[in-house]
Amino acid sequence: MATRLQQVDAVLIGVGLVGSMLGRELTRAGLKVVGLERGEPRHTVPDFQGPHMHDELKYSVRKALMQDNTKETVTFRNHAGQMALPIRRWEGFLPGTGLGGAAVHWNGQTYRFQDSDLRMRTQTIERYGADFMAKDLLVQDWGVSAQDLEPYYDKFEYLLGISGKAGHLNGKKIPGGNPFEDSRSRDYPTPPMKEPYGSAMFRRAAESLGYHPYPQPSANLSQPYVNPEGLTLNTCMFCGFCERYGCEHYAKSSPQTVLLPVLLKDKNFELRTRCQVLRINKDASGRRATGVTYVDGMGREFEQPADLVILGGYALNNVRMLLLSGIGTPYDPQTGKGVVGRNYAYQTMSPVQVFYDQNTHINPFMRSGACGTVISDFVSDNFDHGPLGFVGGAYIGEVMSHGRPIEFHPTPPGTPPWGSDWKKAVIKHYNHTSVLNIHGSSVSCTRNYLDLDPTYRDAWGLPLLRMTFDFHENDLKMSQYVTGKAVEIGKAMGAKEVYGSARRSPYTITQYQTTHNTGGTVMGDDPSTSVVNRYLQSWDIPNLFVIGASNFPQNASYNPTDTVGALAYWAADAIVKQYLRSPGPLVKV
């Protein structure tokens, strides 16, 4: 029997990036807020300090900052004809856990989605015709525009202190920035990071081919910065330990450096860690959330009543929580009906290795998670898709994040995978290899989805989330095309050898690609094709807001964090200015 606790104004499920942001905005509005985080409390001091934070075996290989998949994991299959099996070792993607969530161990690459991403279906039909996309694609518009989100992108970037260079400022194109971005109201809060040698060679090669290189926007800061919350961030030290690690230098923007020190001192906020939420509770009508039920670290079960519920976890966990709570209609791939678990999408990645002779020194160990130079000429609808037969695209960049000794072993094709010859090749190429990253979009389609597994359960006896996914032919075509362009740039960089590998099917969970899982609780204007409205409010339960990358109807070329942050501020603004003044649906059907 669950112990019933005192009613609060709002309860947050997850205190990662979204939870920290919503907690701050709601307490600022005067609400009493409880934040429930299933993982451990973690802080820059002492948890992220060296030398233990540079333990590559612990954090990169054994995934110490990730979700404990001995208690709660995901089952996976490529198609519905297979039996899904539990993922017992995180490799393909890395769900975070603990205070701060995945924003503790992210790289810091911070891009705005383009308006053509947010209205991808309409844009494609207008430019290429109604029959251009494959019939089984579920591409749809988001219900918001880049203009709607611009003030919220701006607010998020200034919270984080993003280092970058504007390319389109107040309607004017600015040399040196991204010329394809939508107009922004002000420049980045801090200037771009220093350009590594490999990135400089990429920039010169890209310019020689007529492309438009610019410095990657980074949450690893180029200089000291005091954010609007009064918190100070430091200059990045280029230590090469960003993704999979917390930052010991206060130089990477995360909840621990940009929000939590202020939020945790707020008398209106209470943090509870080691609390596993089991379900969102509903009243007898099923049209209102009454709070949540959770189990604490001692195994005790509690009911936390609340007037408002904010579900702000990792994308996959948002979907699972709705399914476990019986909120929304689960997607059925046979009939095409239902919305929860629909429109799951990923990211389509591929590499190009650029091998130099022994006189060219790349120094890959002098890197950060988000330093580098990129081009957006093949992002979204920035190029003509008409003759190509696919939608979407990718950015190309020399954005090597590290040269860590266990993980970074560049060798040309044909090198033995182990033994003395392999060791000689690693020694030969380690400091003389540049890697280009092709970071591509992922379309949603009818056969890729998320649901509850009928066989496997977690440590609390609840069904695991089941993922059914493989790359769509559209994305494989895109990868082949853009990877070919990256190979051309690699050759123009003056390399001795260049090798590119376009993405192929089937998708495998045994090789890391990205942690950019999206969809499953998507936003939109139509309740028959979306879980939440344009303000991220549940169509079914008006006092429930679901916020995160699970809102994306399909995934764009760029990294998702900037858009997650913008959506969080967009939803918080709607809650404070509209919902709290007149509780109920913010969008009429």
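Over how many bridges do strand β15 and β21 pair, and in which sense? I took this up first in the predicted model, and I found that β15, residues 348-355, pairs with β21 in the antiparallel sense over 4 bridges. Within that pairing I looked up Val354, whose bridge partner in β21 is Val498.

I then traced the sheet to which these strands belong, and I noted an open sheet of 6 strands, paired antiparallel, in the order β8-β16-β17-β18-β15-β21. Its edge strands are β8 (214-215) and β21 (497-500), each of which pairs on one side only.

Next I asked which helix lies across β16, β17 and β18. The entry is helix α7, residues 197-208, which lies across β16 (373-375), β17 (394-398) and β18 (433-440) and runs at about 30 degrees to β16.

Turning to helix pairs, I looked up α1 (residues 17-28) and α13 (residues 561-579), and I noted that their axes come within 10 Å and cross at roughly 30 degrees. Because angles under 35 degrees count as roughly parallel, α1 is roughly parallel to α13. The crossing of α1 past α13 is right-handed. For the contacts between them I wrote down that residues of α1, including Leu17, Met21, Leu22 and Leu26, meet residues of α13, among them Val564, Ala568, Ala572 and Ile575.

Last, I checked the cysteines, and I recorded that the structure holds 0 disulfides. Are Cys275 and Cys445 buried or exposed? Cys275 has a relative accessible area of 5% and is therefore buried, and Cys445, at 0% relative accessibility, counts as buried too.

Methods. Residues are numbered from 1 along each chain as its sequence is written. This is a predicted model: local features need pLDDT of at least 70, side-chain atom pairs count only at pLDDT 80 or more; totals for chains, interfaces and linings use all residues. Side-chain values use heavy atoms; hydrogens and water are left out. A disulfide is a pair of cysteine sulfur atoms within 2.5 Å. Buried means under 20% relative accessible area, exposed over 50%, partly exposed in between (1.4 Å probe, protein chains only). Two strands pair if DSSP finds at least two bridges between them. Helices (H or I, at least four residues) and strands (E, at least two) are DSSP runs, numbered from the N terminus. Contact means heavy atoms within 4.5 Å. Axes are lines fitted to C-alpha atoms, for helices over the stretch in contact, and angles run from 0 to 180 degrees between N-to-C directions. Angles under 35 degrees count as roughly parallel, over 145 as roughly antiparallel, 65 to 115 as roughly perpendicular and the rest as oblique. A crossing is left-handed if the near helix is turned anticlockwise from the far one by less than a right angle, and right-handed if clockwise.
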